[in-house]
Amino acid sequence: MKKRVLVTGGAGFLGSNLCKRLLEDGHYVIAVDNLYTGRIENIQPFFSNPDFEFVQHDITEPMDIKVEEIYNAACPASPPHYQKSPTFTTKTCVQGLIHMLDIATKYHAKILQFSTSEVYGDPQIHPQPEQYRGYVNPIGIRSCYDEGKRCGEALCFDYAREFHTRVKVIRIFNTYGPNMDPKDGRVVSNLIMQALKGEDITIYGDGSQTRSFCYVDDLIEGIVRMMDSKDEIMGPVNLGNPGEFTILELAQRIIEKTNTISKIQYCPLPADDPLQRKPVIEKAKELLSWEPQVSLDQGLDATIPYFKRQLAAMA
């Protein structure tokens, strides 16, 4: 059934991939983005589609739009971007979400909040299940994002309890793939771009910190399944690939796949950088019949050509 769907952050990495999927599924999609980190080129291919609409708007300001579903993906998600404007990041996480929750409440729409594995902070439990409440520095350089997203989860469940708003919350672990910003400062884009340029590949710390990398198509499938699930499935639900790799392992695979002359350069570890990240995805398996299908090697093979094209366009 065709639905009228709002995607905030629709020109961003995840938002644009989600818009593509929703259009393929036959829905009318309204992408909202202030273009702080979103990029018009990510959604340019949709402009000729009569079922796609783009609205340039900052969700920290009120808006009123009648829709049946809201995917709230708006927020700077890479450390360089959210640390550049920390108060704006917190406003987006909190005030922006309040505006979306108000729309969902008014029109009895379902709203799916894009939360993050960063709510677990630098975890003392490994891997991380949804019932773990996290170990987060509330006043550190990452707190605008970490605590902003934690507050966002609280708001969702408070709206559900107080106003019976139809909310869903997912916690997204590291994701990569086409439509990433080559300059966003995230580890996969950083390492691939450095390798393609033949520059030194920078690894923070000794490279032993671990991450779990989910290819974007797998994540989008999980997101859509969460939205389509019964109203009583509110979450939070972890979405990510439980395959765990050290940053050094990731760098070595990228060096091999790009056949680069780059050498590894070790740099000091940033403040509050988590040492471990790995999702427990049993809830997603049970409730959504979802688990990732794309291996890290397959995902990198699909992602590296995208960054080659981005690099050529910059030349």
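This is a predicted model: local features need pLDDT of at least 70, side-chain atom pairs count only at pLDDT 80 or more; totals for chains, interfaces and linings use all residues.
Two packed helices are described by the angle between their axes and the distance between the axes. Helix α1 covers residues 13–24, and helix α7 covers residues 216–228. Their axes come within 10 Å. They cross at roughly 65°. The two helices are therefore roughly perpendicular to each other. The crossing of α1 past α7 is right-handed. On the α1 side, the contact involves Phe13, Leu14, Asn17, Leu18 and Arg21. These residues meet Val216, Leu219, Ile220, Glu221, Ile223 and Val224 of α7. By class, the contact of α1 with α7 holds eight nonpolar residues, one polar residue and two charged residues.

A second pair is formed by helix α8, residues 247–258, and helix α10, residues 296–314. Here the axes come within 11 Å and cross at roughly 50°. That angle makes α8 oblique to α10. The crossing of α8 past α10 is right-handed. From α8, the contact draws on Leu250, Arg253, Ile254, Lys257 and Thr258. From α10, Leu296, Asp297, Leu300, Asp301 and Ile304 take part. The contact of α8 with α10 divides into five nonpolar residues, one polar residue and four charged residues.

Helix α6 spans residues 187–197. Its buried residues are Val188, Ser189, Leu191, Ile192, Met193, Gln194 and Ala195. After α6 comes Gly198. The phi of Gly198 is positive, near 75°.

Gln209 counts as buried because its relative accessibility is 6%. Its side chain makes polar contacts with the backbone. The side chain of Gln209 reaches the backbone oxygen of Tyr204 at 2.6 Å. A polar atom of the Gln209 side chain also lies 3.3 Å from the backbone nitrogen of Gly207. Leaving aside residues up to four places away in sequence, Gln209 touches Tyr204, Phe245, Thr246, Ile247, Leu269, Asp273, Pro274 and Leu275. One of these residues, Ile247, belongs to α8 (residues 247–258).

Asp51 sits in another loop, between α2 (40–43) and β3 (52–56). With a relative accessibility of 22%, Asp51 counts as partly exposed. The side chain of Asp51 makes a polar contact with the side chain of Lys2, at 2.8 Å. Lys2 is also among the residues that Asp51 touches, along with Leu23, His27, Tyr28 and Val29. That list leaves out residues up to four places away in sequence. Leu23 of this group falls within α1 (residues 13–24). Pro279 is 228 residues from Asp51 in sequence. In space, the C-alpha atoms of Asp51 and Pro279 are 35 Å apart.

Most residues other than glycine have a negative phi, and most peptide bonds are trans. Exceptions to both patterns occur in the model. His108 is not a glycine, yet its phi is positive, about 55°. His108 lies in the loop between α4 (86–107) and β5. It is exposed, with a relative accessible area of 53%. Asn179 also has a positive phi, near 85°, and it too is a residue other than glycine. Asn179 is placed in the loop between β7 and α6. At 18% relative accessibility, Asn179 counts as buried.

The bond from His126 to Pro127 is cis, with omega near -10°. Pro127 is located in the loop between β5 (110–116) and α5 (143–163). The bond from Gly235 to Pro236 is likewise cis, with omega near 0°. Pro236 is found in the loop between α7 and β11 (237–239).

How values were computed. Residues are numbered from 1 along each chain as its sequence is written. Side-chain values use heavy atoms; hydrogens and water are left out. Axes are lines fitted to C-alpha atoms, for helices over the stretch in contact, and angles run from 0 to 180 degrees between N-to-C directions. Helices (H or I, at least four residues) and strands (E, at least two) are DSSP runs, numbered from the N terminus. Angles under 35 degrees count as roughly parallel, over 145 as roughly antiparallel, 65 to 115 as roughly perpendicular and the rest as oblique. A crossing is left-handed if the near helix is turned anticlockwise from the far one by less than a right angle, and right-handed if clockwise. Contact means heavy atoms within 4.5 Å. Ala, Val, Leu, Ile, Met, Phe, Trp, Tyr, Cys and Pro count as nonpolar, Asp, Glu, Lys and Arg as charged, and the others, Gly among them, as polar. Buried means under 20% relative accessible area, exposed over 50%, partly exposed in between (1.4 Å probe, protein chains only). A polar contact is a pair of N or O atoms within 3.5 Å; within protein, one must be able to donate a hydrogen and the other to accept it, and residues adjacent in sequence count only if both atoms are side-chain atoms.
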